Amino acid sequence: MSIPIKQADKIRVSGVVLVDKPQGMTSQQVVSKVKYLFKSPSHDSKKAGHTGTLDPMATGLLPICMGEATKFSHYQLDADKSYQATILLGRQTDTGDADGKIIEQSPVPTFDDVSLNKVAQQFLGVQQQIPPMYSALKKDGKKLYEYARAGIEVKRPPRDIVIKAIEIKKIDNEQVQLMVTCTKGTYVRVLGEDIAKAMGTLGHLTTLRRTQVGKFTIDGAITLSALEAMTLANREKRLMPVDACIDIDATLLLTSEQCTRIHMGQRLNVFEQLTDDLKGYISETVNKQLLRDKDEAHKEQQIEHEIPIDVRLINEEGEFLGLGAISLNGRLQPKKLIQR
């Protein structure tokens with residue numbers, strides 16, 4: 001008779017899997033499906049989350065963090081993202097995409113790639129964008145799309161975004177293709193509407209595909225159907241390491257004694273272990289942080305050698321332990337450690 005494995009004895013599935021999200025599914029539905037596909041009598045896959053929502057209409061890259069990897073998902077949440085979209089001109093919908101109903105129409109002027117390039121240049125760089133009513137942003141604990149469905153318009157403050165790269169190409173007399181790389185929080189639906197207005201008409205998205213999130217690209221993603229067709233062992237081979245989301249190169253090697261102490265939550269003095277390269281990285285990162293700080297009064301209170309900077313921590317076997325915050329004075333504070 002087989003003895004059931006207790007939940008506490010199960011191995012937690014940890015790592016990052018890149019999924020090519022299908023049209024019609026919510027991002028959370030994709031996460032639930034992936035959790036199910038990695039579940040087994042000996043594996044616990046309950047802890048999982050994505051690194052940035054895609055609309056149900058949208059397809060493309062959806063990095064999913066599982067287990068210990070969820071501790072570092074914010075690095076990709078904050079990362080730049082790239083999209084390809086199709087804008088249908090002449091018609092505006094209440095949602096900004098093909099899932100909505102048409103609320104207004106307008107004639108479409110003649111255009112070519114030269115005029116589209118001029119329009120694209122207007123959107124390049126720093127700007128502000130008002131989030132759409134059909135979004136999951138909350139107002140007084142209620143999602144904006146809930147207000148929108150009730151016919152209530154809520155005032156939304158504009159948000160700062162940066163368009164890093166943008167290209168608009170003609171498809172036909174009523175459609176254009178948009179390729180854009182932007183900072184987090186950018187609504188491509190709103191961008192599509194604004195582009196149409198800059199062309200002298202109205203418009204909405206009919207397709208939207210995410211092609212890149214930070215350093216991850218769609219080329220490394222797998223469809224849900226292909227993942228489902230695999231054996232569990234082959235699915236596990238698709239998992240990237242728990243630290244795949246982390247965009248930090250600086251590494252600090254800890255002794256076995258230091259590993260024990262840091263897992264107890266203790267601060268360490270590792271000044272003697274600071275290499276010239278590590279000191280240079282900390283100093284450069286501190287200077288960038290001070291330059292980004294717009295609060296001059298706060299700047300004056302900063303003591304450069306005491307400002308902590310995140311670094312990777314590894315043991316003597318080269319295994320990743322997690323992140324620690326270290327300053328030029330050698331003080332190391334454990335920040336996010338993984339369980340082994």
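Analyst: A residue counts as buried under 20% relative accessible area, as exposed over 50% and as partly exposed in between (1.4 Å probe, protein chains only). The model is predicted, so local features need pLDDT of at least 70 and side-chain atom pairs count only at pLDDT 80 or more, while totals for chains, interfaces and linings use all residues. Residues are numbered from 1 along each chain as its sequence is written, and side-chain values use heavy atoms, leaving out hydrogens and water.

The structure holds 13 salt bridges (a side-chain nitrogen of Lys or Arg within 4 Å of a carboxyl oxygen of Asp or Glu). One of them joins Lys335 to Asp310, with 2.8 Å from N to O. Because Lys335 belongs to strand β21 (residues 331–337) and Asp310 to strand β19 (residues 309–314), this pair ties together parts 25 residues apart in sequence (strands, E, at least two residues, and helices, H or I, at least four, are DSSP runs numbered from the N terminus). Lys335 is partly exposed at 48% relative accessibility, whereas Asp310, at 17%, is buried.

Another salt bridge pairs Arg12 with Glu68, whose closest N and O atoms are 3.1 Å apart. Here too distant parts of the chain are linked, since Arg12 sits in strand β1 (residues 11–12) and Glu68 in the loop between β5 (59–66) and α2 (74–77), 56 residues apart. Arg12 is partly exposed, with 35% relative accessibility, while Glu68 is buried at 4%. Together with Lys71, Arg12 and Glu68 are linked in a network of salt bridges.

Glu153 and Arg156 also form a salt bridge, their closest N and O atoms lying 2.7 Å apart, and Glu153 is exposed at 60% relative accessibility.
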